[in-house]
Structure formats: C-alpha cells, structure tokens
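Subject: Handover of a structure for your review

Dear colleague,

Please find below the structure that I am handing over to you.

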Amino acid sequence: MSEAILKIEQLCVSFDGFPVLDNLDLVVARGELRFLIGPNGAGKTTLMDVISGKVRARSGRVLYDPTVPASGDPHPATIEVHGEIRFEGLDLARMREDAIVRAGIARKFQTPSVFNSITVAENIAVAASYRDRFLRQLFPPSAERRERVQAALETVGLRDRAHVLAGALSHGERQWLEIAMLLVQSPRVMLLDEPIAGMTRPERERTGELLHRLAGAHTIIITEHDMDFVRQFARTVTVLHMGRVLREGPVEAIQADPVVREVYLGRQKTPAGEPA
Amino acid sequence: MPNPAPSPAPRHPGTAAALLRALLPVLLIGVLLFLAPAVLSDFRQNLLAKFLCFAILAVGIDLLWGYTGVLSLGHGVWFGLGGYAMGMYLKMEDADGRLPDFMNWSGLTSVPWFWKPFEHPWFALPMALLGPGVAAFIVGFLIFRSRVKGAYFSIITQALALILSILFVGQQQYTGGTNGLTNFSTLFGFSLADRTTQDALYYITVSLLLLTMLFALWLTRAPLGSLLVAIRDDEDRVRFSGHNVTAVKALVFAISAALAGLAGALYVPQVGIISPANMGIVPSIEFVLLVAVGGRATITGAVLGAIIVSWARSTLSENYPDTWLYLFGALFIGSVLLFPAGIVGTWRALLRTRRLPLRIPRSPLRPQLDPQGAAHE
C-alpha cells in the first residue's frame with residue numbers, strides 16, 4: 001500500500017454519552033477510492049462529520065453548539081470526541097471547518113447543498129475562490145480561474161446549464177454541481193456522502209465512471225447504501241458497524257464474508273430494532 | 001438535458017450590455033436628482049436632501065440584509081454615531097475654542113478630552129465613517145464568530161440600539177441628552193442658514209449617493225456579490241467551501257455601518273439636529289422597512305424605497321396629522337404582505353413573466369427574518 005494520506009486512530013465520538021464511533025481506526029492511502037458501507041446508524045456520516053470538522057470536541061459545558069441551527073435543536077448538546085485524525089501532519093480535530101477545506105479536504109453532503117439563487121457557474125466560482133483574499137474578490141476572476149470553472153463544468157457535463165440558477169436544477173444535476181464545486185478546488189481528499197442518491201441509472205453510471213477517473217489524482221472516500229453501485233465501482237471497501245470497523249478489504253472478499261452478510265441480513269430480520 | 005423547466009432569464013454578468021443596464025438606473029436617478037431643485041421649493045429640496053441621506057443608509061442595509069441575509073435592527077446606532085461625529089465638529093466650530101452651550105448648562109467647565117479632536121474637520125469627517133465601521137467590525141466579528149445568526153442577531157442589534165440611545169440620553173453633559181446636538185450655525189465657515197450652503201450640501205449629498213450606488217453595484221457584481229448571496233442561501237455550505245464566513249460577514253457589516261455613518265454625517269448639517277431619537281429602535285426598524293418596500297437585493301430598490309417611503313411619510317403626516325401613523329403602518333403591512341419582492345423586485349418579475357407577482361404568502365416574514373440556510377444532514 002502506498003503512503004497514507006489520512007490516518008485515524010482510536011477515534012471515539014459520543015453524543016450525550018451515547019457512543020456513535022467506538023475506537024475506530026482507519027488509514028486511507030494517497031490516490032485511493034475507498035468505499036464506506038454499513039447499515040444505518042453505523043457511523044458513516046458521523047465519521048465524515050468528524051473529518052470535515054462539522055462535529056468537533058466540546059469538552060465541559062456547552063452553551064451553544066455551532067453545528068446545529070439555532071432553532072429546533074435536533075442534536076444533543078454535549079459532543080465528546082477523543083482520538084486523533086491526522087492529515088499530512090495536521091491534527092484535524094483542532095481545526096475549524098473552513099480551515100480544513102483550505103488544507104485540502106473537501107466534503108459533499110448527503111442532501112445536495114448548492115446555492116439556489118446564483119447561477120451554476122457562479123456556484124462553482126464561489127467554491128473556486130476559497131483561498132482568495134477579500135480584496136481579490138472585488139475584481140474580475142483571472143482567465144486561469146475562468147478556465148478552471150469551465151473545466152469543472154465540462155467534467156460534470158453541466159456546461160449547457162452554466163447560466164441557469166442552481167435552484168432550477170434537477171436533483172441529479174444538483175449532485176453533479178456539488179461535485180463540480182469540490183473538483184474546482186482540486187482537493188487532496190474528497191469526502192462524498194452518498195453522491196448517487198436520487199440519481200437515475202444512467203446518471204449513476206456516469207458518476208461511477210467520473211469517480212474512477214478522479215481517483216488517483218484525488219483521494220476519494222465515499223459512503224454508499226446502494227450495493228449494486230458498490231459492487232460495480234468499488235475497489236477497497238470498509239464496513240462499519242456499531243461505530244467500529246467490522247471488515248476491510250477488496251470488494252469480492254467483503255461480499256463473501258459471512259460476518260458482513262450477517263450484519264446486513266440480521267438487520268433485515270429485525271427492522272424494528274434498527275437505530276434510526 | 002430533458003429538463004424544460006422554465007429557467008429564469010440567463011444572466012451573463014460582465015458583458016457590456018449588462019453593465020449598461022445596471023448603470024442606467026444610477027444615471028437616471030442622478031439626472032433627476034440634479035434637476036430636482038429647479039422644480040422644488042427650498043423647503044421641499046431640503047426634505048429631499050434628508051430622504052437622500054436615508055437612501056445612502058438604505059443601500060448599506062441592502063448590502064447587509066438583501067444580499068448577505070443578515071438583518072440588523074440596530075442601524076440607528078451607526079447612523080447616530082456618524083451624525084454625532086458631525087454634530088460634535090459643528091458644535092466645536094460654533095464654540096470657537098469656548099465651551100459648547102449645552103456643556104455650560106450641564107455644569108462642565110472644560111471640553112472633555114474625547115471632544116477635543118473633533119474640532120478638526122480632518123478628524124471629525126473620517127471618524128463619521130471609520131468610527132461606525134470599526135465599531136461594527138468588532139461587534140460583528142464577535143457576534144458572528146459565536147455563530148449567532150437569524151433572529152438572534154437581529155435581537156442583539158436591537159438591544160444595542162436601545163442601550164446606546166439610553167446611554168446618550170443619560171450622559172447629558174457629554175451628548176446633549178434628550179435634546180441631542182443642535183443650534184448649529186456654520187459649516188467650514190459657511191452659514192448653514194445660507195441658501196447657497198444648503199444647495200451645495202444638496203449636491204454633495206446627491207453625488208455621494210450616486211457614488212454609494214456605484215460602489216454597491218461594484219461590490220455586488222464582483223465575485224464577492226455571489227459569495228454574499230451564497231452566504232444568504234446557505235451559510236454553512238460556504239464554510240464547508242473553505243471561506244471564512246465570519247470575516248466576510250463582519251466586513252459587510254462594517255461597510256454597511258460606515259455607509260450609515262456617512263448618511264448620519266450628511267443628515268446633521270441639513271436637518272440641523274441629531275438626538276437619541278434618531279438612533280433608537282423605532283428609526284432602526286424604519287430603516288429596514290425602506291429596503292423592504294423598495295426591494296431587497298436591488299440597489300435601485302433600496303434608493304427608490306428610501307425616497308418613496310420617506311416622501312409618503314412626510315406627505316401623510318402633513319395631510320392627516322391625526323391618523324397618519326395608522327395610514328403609514330397600513331402602507332407597510334400592505335406592501336410587505338402583497339409585494340414581498342418590493343417595488344423593484346415586483347417590477348423585474350413583471351418584466352420577466354408579464355404577470356403581477358401578487359400573492360398572499362402563507363408566512364411572508366419567516367424567510368425574511370430567518371434567512372439561514374437549511375441544516376445539513
């Protein structure tokens with residue numbers, strides 16, 4: 001295995017005392033395309049939240065939790081995070097989310113989140129300007145920047161839609177737009193949370209091929225529910241279960257593994273006992 | 001793409017035609033305002049000058065609220081600080097080395113240290129902009145850093161307006177108390193009662209308003225403009241795109257406050273008074289309504305809204321001295337309920353769809369008061 005780019009050691013995360021991630025270790029190599037799978041509540045999204053800085057350690061009393069919108073608090077107030085997340089010598093657990101992105105880790109959310117009242121091209125331009133100083137943003141973008149935005153548009157096939165407001169896009173197009181917003185930053189690590197959710201079959205195929213093209217130049221970590229998609233495009237798969245790494249290996253071995261089968265089948269037997 | 005959704009008219013920012021279209025309203029407003037004194041009485045011209053000060057402030061509020069989605073209900077504070085900076089200079093000029101009149105009455109024997117520098121116009125005039133700007137940046141940075149947003153931010157700014165106006169009323173020996181600063185006679189040696197001085201002030205106000213509009217158009221059409229709208233749409237997503245949202249919001253808050261300070265400084269010599277009544281909660285809310293009626297996220301809308309609403313207010317109060325407040329309130333409720341996009345927003349929608357976007361929204365105030373983006377999964 002080549003050099004590790006992301007290294008997670010003994011990561012424990014608990015919400016209000018309830019463990020979500022439990023002594024999790026994960027090493028991802030540079031240029032890898034890594035799939036994270038596991039039943040609902042296994043901790044896949046939480047793992048991405050911790051890496052991207054959305055969930056951060058708050059020890060002691062918590063008066064205000066910035067990761068939660070001010071009204072209608074769906075999350076518990078105390079979040080504990082222990083362990084280490086290393087990315088090229090940086091300790092991500094201590095960094096703000098925007099600093100993590102500038103360090104080279106970009107994240108795509110499960111529900112596509114794009115900026116609805118500006119155009120597709122402007123969405124990508126906003127993402128592309130993430131390292132600009134304030135004053136630089138008062139002047140027109142450089143030719144090189146415009147080319148990069150154009151290239152990102154073409155990679156995801158949205159060139160014809162460049163001047164459409166993002167709010168008018170279809171669900172699949174929004175997913176691609178968000179991927180393009182990541183691509184234009186050429187991040188070293190891309191975290192994709194269920195990137196093909198809500199896509200039609202041909203759209204999935206295109207996304208899968210796109211991911212294969214991107215892997216190598218970028219390190220990609222994907223969570224996915226759709227086992228067909230995983231079988232078709234995955235190389236290395238990590239199975240999470242109850243906040244731990246259950247198995248890790250090539251997709252064929254994982255599929256044949258009796259323990260993995262039991263986790264998935266066992267879940268089917270008792271759907272009522274499954275954590276939401 | 002098999003998606004024939006009726007997408008809005010494509011926007012191609014940066015092309016010459018688009019630039020011309022954006023500058024046209026500024027040009028039109030400029031020509032009208034420069035010609036206005038020819039048909040207006042001195043009294044009306046003076047009133048219009050006052051409205052134009054509010055228009056400068058409205059552009060600032062529009063940048064903050066219309067574009068960035070941050071609703072400040074305390075802009076009276078920044079307007080007041082700018083006005084007091086100008087008022088202090090006028091007082092010091094009138095006193096000409098002696099003690100300003102109200103300090104005499106309040107029992108002070110010497111000019112307080114923080115009044116001293118205001119005798120120089122080179123200090124007082126920049127302070128009218130920089131004072132509110134720097135103060136707003138610090139206040140904004142602290143508030144935005146703890147990720148207070150939406151209605152909570154609005155409430156804090158409102159509390160700020162209340163606190164500051166109470167403070168100014170209480171510190172009578174330094175601020176002139178409830179009466180504020182008034183009885184000015186000269187500005188840079190020119191008599192304020194003189195017609196030519198007032199004319200000059202009017203044209204200066206018009207010029208500064210046009211400059212403010214150009215400045216705001218530049219900000220919002222630059223890449224920064226999309227970033228501001230992106231923050232309005234989904235602030236958290238902007239953070240996860242690697243932008244320092246706290247700093248950007250604090251800077252926009254500071255720019256907005258500096259424009260309010262400029263408006264205050266222009267207001268004082270033309271109206272002749274600045275008092276805590278100009279900086280409390282009620283004027284602060286009225287400032288926001290100027291933009292709401294004119295049309296959020298349109299610079300022309302903010303200016304037209306400020307002029308039209310102020311004009312309606314003054315006409316109604318002249319003609320219906322007993323009931324004008326009710327009429328004025330009804331005007332607001334009606335326009336915000338029926339035309340949530342404001343005058344210019346409605347006009348643009350009309351041009352685009354050829355249909356009046358008249359509707360009874362189910363809860364029109366919610367998206368306006370709580371412009372934060374949806375939570376992420």
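This is a predicted model: local features need pLDDT of at least 70, side-chain atom pairs count only at pLDDT 80 or more; totals for chains, interfaces and linings use all residues.

How are α2(B) and α11(B) oriented to each other, roughly parallel or roughly antiparallel? In chain B, the axes of helix α2 (residues 42-67) and helix α11 (residues 245-271) come within 8 Å and cross at roughly 175°. Angles over 145 degrees count as roughly antiparallel, and α2(B) and α11(B) are therefore roughly antiparallel to each other. On the side of α2(B), the residues that make the contact include A49(B), C53(B), L57(B) and L64(B). On the side of α11(B), F253(B), L259(B), A263(B) and Y267(B) are among them. By class, the residues of this contact between α2(B) and α11(B) comprise 19 nonpolar, four polar and one charged.

The residues of the contact of α13(B) with α15(B) divide into three nonpolar, five polar and no charged.

Turning to chain A, this chain has nine helices and ten strands. Of its 276 residues, 43% are buried. Where contacts in chain A link residues at least 6 apart in sequence, 68% of them join residues at least 24 apart.

One open sheet of chain A consists of six strands in the order β6-β7-β8-β3-β9-β10, with mixed pairing. At its edges stand β6 (105-108) and β10 (244-250) of chain A; each has a single partner strand, so one side of each is left without a neighbour in the sheet. On average, and with direction ignored, neighbouring strands of this sheet are turned by 20° against each other. Within the sheet, strands β7 (residues 189-193) and β8 (residues 219-223) of chain A run parallel and are joined by five bridges. V189(A) has T219(A) as its bridge partner in β8(A). Helix α1 (residues 44-52) of chain A lies across β3 (33-37), β6, β7, β8 and β9 (236-241) of chain A, and runs at about 145° to β7(A).

Another open sheet of chain A has four strands in the order β2-β1-β4-β5, and its pairing is antiparallel. Its edge strands, β2 (18-29) and β5 (90-91) of chain A, each pair on one side only. Strand β1 (residues 4-15) of chain A runs antiparallel to β2(A), and eight bridges join the two. In β2(A), P19(A) stands opposite S14(A). Helix α1(A) packs on this sheet too, where it touches β1, β2 and β4 (79-87) of chain A, and its direction makes about 70° with that of β2(A).

Finally, the largest nonpolar core has 170 residues, of which I124(A), A180(A) and A58(B) touch the most other members. Apart from its neighbours within four places in sequence, A180(A) is in contact with I124(A), A152(A), L153(A), T155(A), V156(A) and L158(A).

With kind regards

Definitions and conventions:
Residues are numbered from 1 along each chain as its sequence is written. Chains are lettered from A and ligands numbered from 1 in the order in which they are written. Axes are lines fitted to C-alpha atoms, for helices over the stretch in contact, and angles run from 0 to 180 degrees between N-to-C directions. Angles under 35 degrees count as roughly parallel, over 145 as roughly antiparallel, 65 to 115 as roughly perpendicular and the rest as oblique. Two residues are in contact if their C-beta atoms, placed from the backbone, lie within 7 Å. Ala, Val, Leu, Ile, Met, Phe, Trp, Tyr, Cys and Pro count as nonpolar, Asp, Glu, Lys and Arg as charged, and the others, Gly among them, as polar. Two strands pair if DSSP finds at least two bridges between them. A residue is buried if 20 or more other C-beta atoms lie within 10 Å of its own, exposed if 12 or fewer, and partly exposed in between; C-beta atoms are placed from the backbone. A nonpolar core is a set of buried Ala, Val, Leu, Ile, Met, Phe, Trp, Tyr and Cys residues joined through C-beta atoms within 7 Å.
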